[in-house]
Amino acid sequence: MTPAHKRRRAATDAPLDPTDMGSLSASQRMRAFKEDQRIQRSERQRWVDSLPWLPDDFQIEAMDALEAGTSLLVAAPTGAGKTVVGEFATHLALSRGGRAFYTTPIKALSNQKFADLRKRFGENSVGLLTGDTAINADAPVVVMTTEVLRNMIYAGADLTALTHVVLDEVHYLADRFRGPVWEEVIIHLPAHVDVVALSATVSNAEEFGAWIDEVRGSCSIIVSEKRPVPLYQHMMVGDRLFDLYAPSRTDQGPSSRLNPHLLAAVSTVGRARGARNAVRETRATTLLTLDRAGLLPAIVFIFSRQGCEDAVRQVLASGTVLTSRAEGARIRAIVDEVIASIDPHDHAALNLSTWARALERGIAAHHAGLLPAMKEAVEQLFTRGLVKVVFATETLALGINMPARTVVIEALRKWNGATHAPLSAGEYTQLSGRAGRRGIDVEGHAVVLHKGSVAPEEVAALASRRTYPLVSAFRPTYNMVVNLLSHSSRAATREVLETSFAQFQADGAVVHLARQAREAQARLADLDSRLECEAGDAREYFWLREELARLQKESQRQRRFAGREEARRALASVRPGDVVRYRSGRRINHALVCEVGRTAQDRVSVRILGTDGRWHHLGAEDITGWMGVVGRIRLPGAAAIRRSRERAALGDELRMLVRSGTLAPSTSPESGSDAEVELLATRLRNHPVHRCPERESHAGAGHAWARQKRELEHLLGAIDGRTNSVAKEFDRVCAVLDSLGFLDGEDVTDAGEILTHVFGERDLVVVEALRGGAFDGLEAADLAALASCFVHESRGEVDQSASAPKGLNPALRQAWRQARAAWSRVTAAEAEAHSQLSPPPEHGLMNATAAWARGASLTTALDECELQGGDFVRWMRQVMDLLDQLRRVGDPVLAARTRQARDLLARGVVSWSKL
């Protein structure tokens with residue numbers, strides 16, 4: 001195999017200049033002349049001559065590598081112009097009479113790239129494939145999502161004429177859900193195809209490129225760390241904007257020294273904290289400060305959709321206007337076109353009047369909760385320079401072409417689905433990388449708000465580390481395995497999967513872990529030599545002590561978990577009028593249950609009156625450990641309880657009842673004992689070393705030995721887990737498929753053949769439900785509703801109960817039970833094989849999907865599912881995608897009904913798409 005080539009432009013790499021012949025020797029002049037002739041005849045030069053600007057060095061090097069016939073990895077900052085290299089690859093394919101596929105991670109990027117390439121190569125030369133859209137699919141250049149290409153490979157599509165595949169935004173490979181698709185494509189593309197991987201700056205580009213070289217046979221690695229537009233870092237304290245760094249004394253740009261004026265301002269705010277005149281940044285003052293400094297347009301990143309909407313409302317309320325009358329009129333023309341495409345009955349639910357008014361003032365939000373039509377309008381207006389500020393979630397940083405002069409980051413912490421975690425250097429780089437428009441701005445600006453707590457040192461630590469590692473998220477899926485086994489044996493498939501980037505990284509980590517294990521073994525031997533006791537085996541004794549401490553912590557954790565589960569069950573059983581006692585943190589609280597309801601997602605919603613006489617909402621997350629019903633209070637009518645006087649009287653009655661001591665006792669599950677812990681404690685007390693008078697003098701060395709032994713076991717376990725880790729997971733997946741009848745030895749069964757057409761997080765559950773009859777006899781609208789439970793993923797706490805939501809008809813209720821039964825069969829097989837469990841079906845979208853399929857308005861559908869308009873559209877398109885998959889499984893009756901179900905969904909805002 002050809003070794004991977006790593007290229008970083010340096011002064012010594014500069015080619016000889018044929019125009020400077022006087023300073024060259026005769027041999028150098030001849031070499032320069034020949035090199036110039038080669039360049040002039042190259043396809044790269046013809047391409048460069050067609051460009052209205054001169055490419056950067058890294059772009060030239062990348063194009064030369066492509067013309068030389070190698071695969072390629074280009075890692076460069078956002079906005080550096082990586083896509084020019086991808087476009088040259090398509091030009092190269094066309095010039096040689098071949099085909100090129102240009103892939104992107106999401107449909108929005110595919111649509112954008114489709115429009116760009118049509119302008120460059122002509123409408124007849126470029127096609128589009130995004131799952132639900134097919135335009136000119138046989139064109140020599142086809143833009144598609146990466147999943148579409150993966151499916152073409154598995155379907156055995158004819159790729160003989162294909163010469164180049166561009167994998168744009170290849171750093172998506174680290175995405176937990178979509179990432180494996182990139183590895184599948186890189187591994188399984190025919191050997192004659194050159195791969196062009198375009199990535200944001202990553203710290204392990206050489207490692208990733210070495211892997212591509214190994215599986216593709218060649219790979220040139222082009223790394224550029226230079227931003228085309230310099231980026232300057234700032235902080236805003238109150239309404240004052242400060243440079244993050246002090247000016248350089250050598251006029252070479254900012255230094256690495258923090259700005260003393262910024263430090264002084266932050267210190268002043270710190271001393272004034274709590275005072276009435278303490279300074280705080282508001283969104284309106286932030287925009288006005290940026291406007292005065294000439295730093296608009298700006299993207300303000302806020303890590304919540306509601307935060308983005310609140311920001312728009314706050315700026316509107318302040319009376320801020322960032323546009324002229326002429327700009328407002330141009331904006332209104334585009335806004336009116338979008339509004340006209342949306343059913344008037346849905347305008348209020350989508351709050352279109354506020355959206356339009358904000359846009360006319362140059363202000364907008366951008367997040368996944370917006371309808372696609374609204375989002376695309378914002379993108380279009382911002383790109384044209386008409387919208388001056390966009391309050392956006394971080395999803396905007398993932399490839400959409402919306403650069404700004406300035407990026408504002410409101411906070412350096414965000415919710416990651418489990419906790420509020422600090423931004424990583426990579427996330428900060430992605431966000432700030434949007435600042436600075438090439439060809440428009442001389443420089444870009446990143447601004448972090450102080451907000452009374454963000455330290456300049458914290459910002460500097462993120463800003464100074466501009467790279468992050470690319471970590472594989474690859475793992476064998478059921479769909480992947482049956483597709484591979486349809487054309488190969490288990491042994492050969494296992495070998496192919498072991499060529500994944502995941503295994504490549506794991507093998508590299510094993511070397512490091514093995515060194516750590518050797519060091520741990522040496523430390524353990526040293527401690528072992530110093531641990532002796534005449535009473536008995538001190539090693540065994542202190543190992544028991546460590547194990548007991550570990551089990552006690554684990555037992556406590558399990559009791560807390562059991563307490564939360566018990567709290568959920570108790571919460572589901574309360575009735576209005578119940579007096580409850582519950583623990584929240586360290587407090588024991590009493591409350592009166594006044595209202596009990598259920599959300600559309602079938603979660604219990606309890607409204608309580610506290611001893612403070614105020615309304616509160618009580619959820620399982622508010623209860624720590626336990627809750628119980630300890631009494632009753634007679635409630636007045638629903639209308640009366642809403643009056644403050646009535647609530648105050650009930651609060652008084654509740655407080656008197658609590659003080660009276662007549663409430664029933666409540667027990668906590670934490671009072672129980674753990675048999676395993678008790679057994680280990682008994683063994684410890686009976687151990688001879690326990691009675692040794694010198695026992696505690698051994699304790700330091702003993703516990704050190706036990707901890708070192710555990711560390712060594714952990715390292716050895718990690719080594720074992722990483723060695724052949726992908727192949728081991730493949731074996732577990734095969735075991736599940738074997739037990740459920742999708743595989744029969746080396747052969748894919750008829751059920752397995754159906755599974756080759758279905759992919760997603762619940763692929764096996766879907767096909768098992770299909771085999772179990774869940775989809776049989778359903779009318780089209782109900783079939784669509786059932787399909788929704790296999791794609792929907794709740795943003796909040798998932799209700800995994802088997803009970804169906806209210807409002808389902810008998811046929812759909814039965815189908816839901818069959819879907820749950822299929823999931824139970826799958827997870828039982830997964831547990832037996834020690835494989836990762838498939839997520840359960842979720843019914844939170846079923847009523848809304850059925851309503852939409854039956855012709856309900858968007859407003860009615862949204863009332864059924866507690867979603868925002870854009871989320872609803874996104875989920876409906878995913879349901880349509882699953883219906884398309886089911887249409888291809890080979891059952892003509894099912895194909896007809898799924899097609900009908902899909903057509904019922906594809907209307908109004910769900911079908912609206914702009915190319």
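Helix H3 (residues 57-67) is largely enclosed by the rest of the structure, because eight of its 11 residues are buried. Buried means under 20% relative accessible area, exposed over 50%, and partly exposed in between (1.4 Å probe, protein chains only). This is a predicted model: local features need pLDDT of at least 70, side-chain atom pairs count only at pLDDT 80 or more, and totals for chains, interfaces and linings use all residues. Residues are numbered from 1 along each chain as its sequence is written, and side-chain values use heavy atoms, with hydrogens and water left out.

**Helix H3**

- Helices (H or I, at least four residues) and strands (E, at least two) are DSSP runs, numbered from the N terminus.
- The buried residues of H3 are Phe-58, Gln-59, Ile-60, Glu-61, Ala-62, Met-63, Ala-65 and Leu-66.

- All five of the five residues in strand E6 (residues 141-145) are buried.
- Val-141, Val-143 and Thr-145 point one way, while Val-142 and Met-144 point the other way.
- In a regular strand, side chains alternate between the two faces of the sheet.
- Two strands pair if DSSP finds at least two bridges between them.
- Strand E3 (residues 99-104) runs parallel to E6, joined by five bridges; Ala-100 has Val-141 as its bridge partner.
- Strand E4 (residues 126-129) also pairs with E6 in the parallel sense, over four bridges; here Gly-127 is partnered by Val-142.

**The seven-stranded sheet**

- An open sheet of seven strands has the order E11-E10-E20-E17-E14-E16-E15, and its pairing is mixed.
- Strands E11 (240-243) and E15 (363-366) stand at the edges with a single partner strand each, so one side of each has no neighbour in the sheet.
- Neighbouring strands of this sheet are turned by 25° against each other on average, direction ignored.
- Strands E14 (residues 298-301) and E17 (residues 406-409) run parallel and share four bridges; Phe-301 has Ile-409 as its partner in E17.
- Helix H11 (residues 305-317) lies across E15 and strand E16 (389-392), at about 170° to E15.
- Such axes are lines fitted to C-alpha atoms, for helices over the stretch in contact, and angles run from 0 to 180 degrees between N-to-C directions.

**Nonpolar cores**

- A nonpolar core is a set of buried Ala, Val, Leu, Ile, Met, Phe, Trp, Tyr and Cys residues joined through side-chain atoms within 4.5 Å.
- The largest core has 133 residues, and Trp-355, Leu-737, Phe-775, Leu-786, Phe-790 and Phe-872 touch the most other members.
- Helix H33 (residues 869-887) gives this core its largest share, nine residues.
- A second, separate core of 40 residues includes Leu-129, Val-170, Val-193 and Ala-205.
- Leu-786 touches residues including Phe-775, Leu-812 and Trp-816; contact means heavy atoms within 4.5 Å.

**Aromatic rings**

- The structure holds nine aromatic pairs.
- The rings of Trp-47 and Phe-121 are stacked, because their centres are 6.1 Å apart and their planes at 15°.
- Rings of Phe, Tyr and Trp (its six-membered ring) pair if their centres lie within 6.5 Å; planes under 30 degrees apart count as stacked, over 60 as edge-to-face and the rest as tilted.
- Phe-208, Trp-211, Phe-501 and Phe-504 form one aromatic cluster.

Methods. Lists of a residue's contacts leave out its neighbours within four places in sequence.
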